[in-house]
Amino acid sequence: MLWPEPAQRDRLVEIRDNLLARIAKAEREEWLGEVEGLQMSLAGAQEKLAELDRRPAGRSVVDLGIPTITAPAVPHQHRPEERT
């Protein structure tokens, strides 16, 4: 599963807060279509924050390295003996 980057948590909080303010304004102005779209975006931001909160503490990234690919062994080819 791909997790949101923990370093981006503050940015996600900022986005969520901005969406809440925009929803409040859209409701005051009675922009119903705008409210619906903003609520969908808000749900996505809140889900990303929830994913960060559910992330197990102490887990770190493990570098698995780059695999080494070796050329396959070429089987010994049977060659007829050369005639002179």
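Reply: Happy to! The largest nonpolar core is made up of seven residues: Leu 19, Ile 23, Ala 26, Val 35, Leu 38, Leu 42 and Ala 45. The elements that contribute two or more residues to this core are H1 and H2. Of the two, H2 supplies the largest share, with four residues. Please keep in mind that this is a predicted model.

Now for the setting of that core. The protein's secondary structure consists of two helices and zero strands. Helix H1 covers residues 9–28 and helix H2 covers residues 32–54. Two packed helices are described by the angle between their axes and the distance between the axes. Here the axes come within 9 Å and cross at roughly 155°. Because angles over 145 degrees count as roughly antiparallel, H1 is roughly antiparallel to H2. The crossing of these two helices is left-handed.

Which residues make the contact between H1 and H2? On the H1 side they are Arg 9, Leu 12, Val 13, Ile 15, Arg 16, Leu 19, Leu 20, Arg 22, Ile 23, Ala 26 and Glu 27. H2 answers with Glu 34, Val 35, Leu 38, Gln 39, Ser 41, Leu 42, Ala 45, Gln 46, Lys 48, Leu 49, Leu 52 and Asp 53. Sorted by class, this contact has 13 nonpolar, three polar and seven charged residues.

Let's zoom in on Leu 38, a core residue that lies in helix H2. Its relative accessible area is 6%, so Leu 38 is buried. Setting aside neighbours within four places in sequence, Leu 38 is in contact with Leu 19, Arg 22, Ile 23 and Ala 26. Leu 38 and Ala 26 are 12 residues apart along the chain, and their C-alpha atoms are separated by 8.9 Å.

Val 35 is another member of the core. With neighbours within four places in sequence again left out, Val 35 is in contact with Ile 23, Ala 26 and Glu 27.

Moving along H2, we come to Leu 49, which is placed in this helix. Leu 49 has 5% relative accessibility, so it counts as buried. Not counting residues up to four places away in sequence, Leu 49 touches Arg 9, Leu 12, Val 13 and Arg 16. Leu 49 and Asp 10 are 39 residues apart in sequence, while their C-alpha atoms are 9.6 Å apart in space.

Then there is the link between the helices. Glu 30 sits in the loop between H1 and H2. Its phi is near 60°, a positive value in a residue other than glycine. Is Glu 30 buried or exposed? Glu 30 has a relative accessible area of 64%, so it is exposed.

Finally, a look at the protein as a whole. Of its 84 residues, 14% count as buried. Among contacts in the protein with a separation of 6 or more, 59% are between residues 24 or more positions apart.

How values were computed
Residues are numbered from 1 along each chain as its sequence is written. This is a predicted model: local features need pLDDT of at least 70, side-chain atom pairs count only at pLDDT 80 or more; totals for chains, interfaces and linings use all residues. Side-chain values use heavy atoms; hydrogens and water are left out. Axes are lines fitted to C-alpha atoms, for helices over the stretch in contact, and angles run from 0 to 180 degrees between N-to-C directions. Angles under 35 degrees count as roughly parallel, over 145 as roughly antiparallel, 65 to 115 as roughly perpendicular and the rest as oblique. A crossing is left-handed if the near helix is turned anticlockwise from the far one by less than a right angle, and right-handed if clockwise. Contact means heavy atoms within 4.5 Å. Ala, Val, Leu, Ile, Met, Phe, Trp, Tyr, Cys and Pro count as nonpolar, Asp, Glu, Lys and Arg as charged, and the others, Gly among them, as polar. A nonpolar core is a set of buried Ala, Val, Leu, Ile, Met, Phe, Trp, Tyr and Cys residues joined through side-chain atoms within 4.5 Å. Buried means under 20% relative accessible area, exposed over 50%, partly exposed in between (1.4 Å probe, protein chains only).
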